[in-house]
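Subject: Structure handover

Hello,

I am passing this structure on to you. Please look through it first; my notes follow below.

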Amino acid sequence: MAAWKKLIYSGSDAELNNLDVLKASGSFSGSFQGEVLGTMDSASVAVTAQTASVALRANALAPTATASFADSATSASHTAGTASIANNATSASFAVLAGTIRSGLTASYADSATTASHTAGTASIANIATYTSEWVLGANGSSDYTFTGPGFTASTADPDIYLIRGQQYKFTNKSGGHPFRIQTTVNGSTGTQYNNGITNNDAGNNETLTFNVSMEAPEVLYYQCTSHAAMGGPIYILDTSPVSSSFATSASIATTSQTASVALRANALSPLATASNADTATSASRAATGDGIFSGSFSGSYQGDGSDLTGIATTLTVDGDSGTSPVSLTDDDLQILGTTNEIVTAITKVGTDVKATISLPDDVTIGNDITITRDALIQRNLTVRGTASFEATADLNIADRFIGLASGSAATGDGGINIQQGANGRGEGFGFENSVSRWGVTSSFDPLGNTITPDAFMTVNVSDGSANDPTAIAARYQKNGNIFIGNTGDIWIYS
């Protein structure tokens, strides 16, 4: 009949009704009740008694310590004291050295420094440069620069500026935080700096940009705030000589086009042109075209619908993974659409920039297989409703300290893990058999059967720090091979 059986081992308290010892050797300490039949060698008792001699030996060792060690320790402390005195002496020597260095300073050094400052003052005078005009820049919020200076009777917002080649100009920025740039890119965005002859481009508040206009400067440049697209205007570069044929052509174009910006430029040219030149340019333009239509390159602005312009793209071809279609730039509406729970799109416009954003929604549903060729980082929970297969041969690292098997199941049953050793998924199984409430192992385990019948069971160690009765523990632990250790250290095994 299976029951708890107490083990007897060296040092344990054994309760025996009868003990027949035919022959015993070794030492014995303690007491017993009963009758000793035969003789007992008591020489071992003497061995135990000799342990008292250890105390005597300890006493005998004490006189071997001498006072010389204490004397040595005292000497060491004196040495340490000497070292501290040396440190103080060293510190004192630094004060003496400092005094020596201070007395080495002479007045000649101060004289030299004074001379250097006079020299620096002379150099600053040489840096003063001449310039033709200077404008002071202000601002109307973030929409316009304002110019105050030559050519303007009052503060003017984003005016056209006219400069002469070979002259030097200053732009002093008092706008309160609008960096001033001269660039080759048309106004409306921060573009490519034009730095030939320019000092301190992108001048900030209370800074001055100096422009020494070279003879090779282009006919049109642009001033632009690098922080606000709306703040800017054109800079026209003129010659000091009478109007060239190219400017005369420009003047005739202004007459035909009637745009405000070109007309202003023509007006600015008139003080430099004679009546005969202007008449010739106008007559030549009308005689050449007859109807006022011109050909060639053009920069600037015009009024009208552009119906008579040629060489301008009117369609846009859009290619997809499937399908190609032309889009009329004047008639069609180009739509960029997403798919439900897969792709979302958004169209936004900031200033002159129109942006199409294509992204994933917060919740994504993919109806087909997906292959990820790089690492995947999942910040939330991962739910797998099918079979999860890890095909890599490397280790599977799990940061969780506990792994839940049969998660979500309300019914009891077997469970465990299987290490495949052969075909069809069979291998070495380690699991819990619910019918006997024990963990066990088995070979040739088939995990598809969802049950385990162990070849051998795990032995558990049950400890009770408050009792010495193995029969008082839970019945689930009263299984063959289990061990119980009581509060006195006694051991029982269930069998």
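A nonpolar core, as used here, is a set of buried Ala, Val, Leu, Ile, Met, Phe, Trp, Tyr and Cys residues joined through side-chain atoms within 4.5 Å. Buried means under 20% relative accessible area, exposed over 50%, and partly exposed in between, with a 1.4 Å probe and protein chains only. Helices (H or I, at least four residues) and strands (E, at least two) are DSSP runs numbered from the N terminus.

This is a predicted model, in which local features need pLDDT of at least 70 and side-chain atom pairs count only at pLDDT 80 or more, while totals for chains, interfaces and linings use all residues. Residues are numbered from 1 along each chain as its sequence is written, and side-chain values use heavy atoms, with hydrogens and water left out.

Confidence

pLDDT is the predictor's confidence in each residue, from 0 to 100. The protein chain has a mean pLDDT of 73, and 62% of its residues reach 70 or more. Residues 65–129 have pLDDT below 50, and this stretch has 1 contact in the model beyond near neighbours in sequence; contact means heavy atoms within 4.5 Å. Residues 241–290 also stay under 50 in pLDDT, and for them the model has 42 contacts beyond four places in sequence. Where pLDDT is low, the predicted coordinates should not be read in detail.

The cores

Which residues have the most contacts inside the largest nonpolar core? They are Phe147, Leu163, Phe171, Phe180, Ile182 and Phe211, in a core of 23 residues. Two or more residues each come from β2, β3 (144–148), β5 (161–164), β6, β7 (180–183), β9, β10 (220–225) and β11 (232–238). β10 gives the largest share, 3 residues. Apart from this core lies another, of 6 residues, among them Trp4, Ile473, Trp492 and Tyr494.

Phe211 has contacts beyond four places in sequence that include Leu163, Phe171, Ile182, Leu221 and Ile237.

Strand β6 and its partners

Strand β6 (residues 168–173) is largely enclosed by the rest of the structure, because 5 of its 6 residues are buried. Two strands pair if DSSP finds at least two bridges between them. Strand β2 (residues 133–140) runs parallel to β6, joined by 5 bridges, and Val136 stands opposite Thr172 in β6. With strand β9 (residues 208–212), β6 pairs in the antiparallel sense, also over 5 bridges.

Lys170 has Thr210 in β9 as its bridge partner. Thr210 counts as buried because its relative accessibility is 17%. Leaving out residues up to four places away in sequence, Thr210 touches Gln168, Tyr169, Lys170, Gly197, Ile198 and Thr199.

Strands β21 (residues 483–485) and β22 (residues 491–494) run antiparallel and are joined by 3 bridges; Ile485 has Ile491 in β22 as its bridge partner.

Regards
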